[in-house]
Amino acid sequence: MNTLRIAGGQVLRPDATVEDADVLVDRDEGTILDIGADLDAEADETLDAEGCLVTPGLVNAHCHVAMTLLRGYADDKPLDAWLREDIWPAEGALTPEDVRVGAELGLVEMIKSGTTAFADMYFHVPEVADAVAEAGLRARLGHGVVTLGKDDEDARADIDESLDVAREFDGAADGRIRTAAMPHSLTTVAEEYLREFVADAHDEGIPVHYHANETTDEVDPIVDERGERPLSYAKDLGMLTDDDFLAHGVHVDDAEIDLLAEAGTGVVHCPASNMKLASGMAPVQKLLDAGVTVGLGTDGAASNNDLDMFDEMRDAAMLGKLAADDASAVAAPDVVRMATAGSADAIDLPGGALEVGGAADLAVVDLDAPHLTPANDLVSHLAYAARGSDVRHTVCDGRVLMRDREVLTLDEDAVMARAREAVASLRERV
Ligand SMILES: CSC[C@H]1O[C@@H](n2cnc3c(O)ncnc32)[C@H](O)[C@@H]1O
Ligand SMILES: [Zn+2]
């Protein structure tokens, strides 16, 4: 058996306690063999975790990873204008190679900030999947479908591509890649297509992921035209099952929260994107109180503007308190759970907890920094004070993806150089 030992650190356990312990990993199986203070087995490789906190790898449950190329491309606009005036025209000019390098750039950023798994909605998914296979993370990938403005033939071709991609890539990269069918939203895919698309996906056991209840501009027309709330419409369309997960859920009323809790549909909270686009404040504490599975996501780097899940935890805690008008709402252990087990649960991928027999997906956070001193409460530090740049080592599926801040699976400098070139060329074309 080929083993890895993460030695000399403190370990964050699923019950949010912290203990002095080593973590022993079976690299062949990609699982945790043991966690404890007195492990005497020799290991084939050791990662030094002295002065560090070993946490589950962070799980970014909603992203458009190749949008790193559009970071800073268009800021300071609301969602609809931002998409229509800037983002969609630029995305129309992206080549498969652009998406590949954008994805690689995002994956380097994720590895460097302790993220080991993510869910992604984009296009040119084969290129994203190749990049994920090389980088070594886990992902749930899907082709995002928009039928708005398309004729019937193009709309059906987009849906077919989403289903084909979901079939073809499920289980790729030694099982680290899973898939979903991804209608973009309840307003950008017409009802006549949504109903059939969702039924076809579910018939084949493919989960569905979509944006929902993100802005009032999106919610109000649904209510006006149908006389029902968006998530009642989603339920009618069959898109509210416990395999499905939606992004945002900002403008949800109490009845919709009950629908989510009853159905077991996951909600991915994206606080930075919601603040930047001024979309609104999701009622996260209410969702948690109702028993809804809540994960955390960055959304794309063009509306965030980074993929750092530590930032996201802090934003979620701060915004959750404002939304609830209660400083005790969305507390540190809640956001850490959302960024780990909550997200893993929402997108149904392994990871999110450090436990014997579980996935060896972890981040080693170096605590030897002024902003993490003194170590009064390490869960508080993860939620409120730590940064992605504090991550020293990242491990996914038992494989070391970053050691002492050196990314081992992708060439960081080369990826950045290719991304700069791709964007220079894109800017000439758009
Ligand atoms: C068709 S692939 C996915 C599609 O979603 C766009 N997108 C990025 N951020 C958001 C957001 O916050 N709400 C809705 N849609 C978003 C992305 O640019 C792609 O076009
Ligand atoms: Zn999104």
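A salt bridge here is a side-chain nitrogen of Lys or Arg within 4 Å of a carboxyl oxygen of Asp or Glu. I applied that to a predicted model.

**Entry: network.** I looked for linked salt bridges. Arg-100, Glu-104, Asp-130, Glu-134 and Arg-418 are joined in a network of them. I then searched the whole structure and got 32 salt bridges.

**Entry: Asp-22 and Arg-5.** I checked this pair by its closest N and O atoms, which are 2.9 Å apart.

**Entry: Glu-191 and Arg-195.** I found a salt bridge between these side chains, at 2.9 Å from N to O. Helix α5 (residues 191-203) holds both residues. They are four residues apart, about one turn of the helix. I looked up accessibility next. Glu-191 has 28% relative accessibility, so I noted Glu-191 as partly exposed. Arg-195 has a relative accessible area of 33% and is also partly exposed.

**Entry: Arg-229 and Asp-253.** I recorded a salt bridge of 3.5 Å, N to O, between these side chains. The pair links distant parts of the chain, 24 residues apart. Arg-229 is in the loop between α6 and α7 (230-236). Asp-253 is in the loop between β12 (245-248) and α8 (254-263). Arg-229 counts as partly exposed because its relative accessibility is 26%. Asp-253 is at 29% relative accessibility, so Asp-253 is partly exposed too.

**Entry: surface charge.** Which residues form a negative surface patch? Asp-217, Asp-220, Asp-224 and Glu-225 do. I placed one of them, Asp-217, in helix α6 (residues 216-226). Why does Asp-217 count as exposed? Its relative accessibility is 59%, and the cut-off for exposed is over 50%.

Entry: I consulted UniProt. An unreviewed entry there gives the feature "domain: Amidohydrolase-related" at residues 53-400. I computed the span's make-up as 44% helix and 17% strand. How far apart are the end C-alpha atoms of residues 53-400? They lie 16 Å apart.

Technical notes:
Residues are numbered from 1 along each chain as its sequence is written. Chains are lettered from A and ligands numbered from 1 in the order in which they are written. This is a predicted model: local features need pLDDT of at least 70, side-chain atom pairs count only at pLDDT 80 or more; totals for chains, interfaces and linings use all residues. Side-chain values use heavy atoms; hydrogens and water are left out. Patches are made of residues with over 30% relative accessible area and no salt bridge: like charges are joined within 9 Å, nonpolar side chains (Val, Leu, Ile, Met, Phe, Trp, Tyr) within 5 Å. Accessible areas come from the Shrake-Rupley method with a 1.4 Å probe; for residues, only the protein chains shown count as cover. Lys and Arg count as positive and Asp and Glu as negative; His and the chain ends are not counted. The place of a charge is taken as NZ of Lys, CZ of Arg, CG of Asp or CD of Glu. Helices (H or I, at least four residues) and strands (E, at least two) are DSSP runs, numbered from the N terminus. Buried means under 20% relative accessible area, exposed over 50%, partly exposed in between (1.4 Å probe, protein chains only). UniProt positions are given in the numbering used here, feature names are shortened, and annotations may be inferred rather than shown by experiment.
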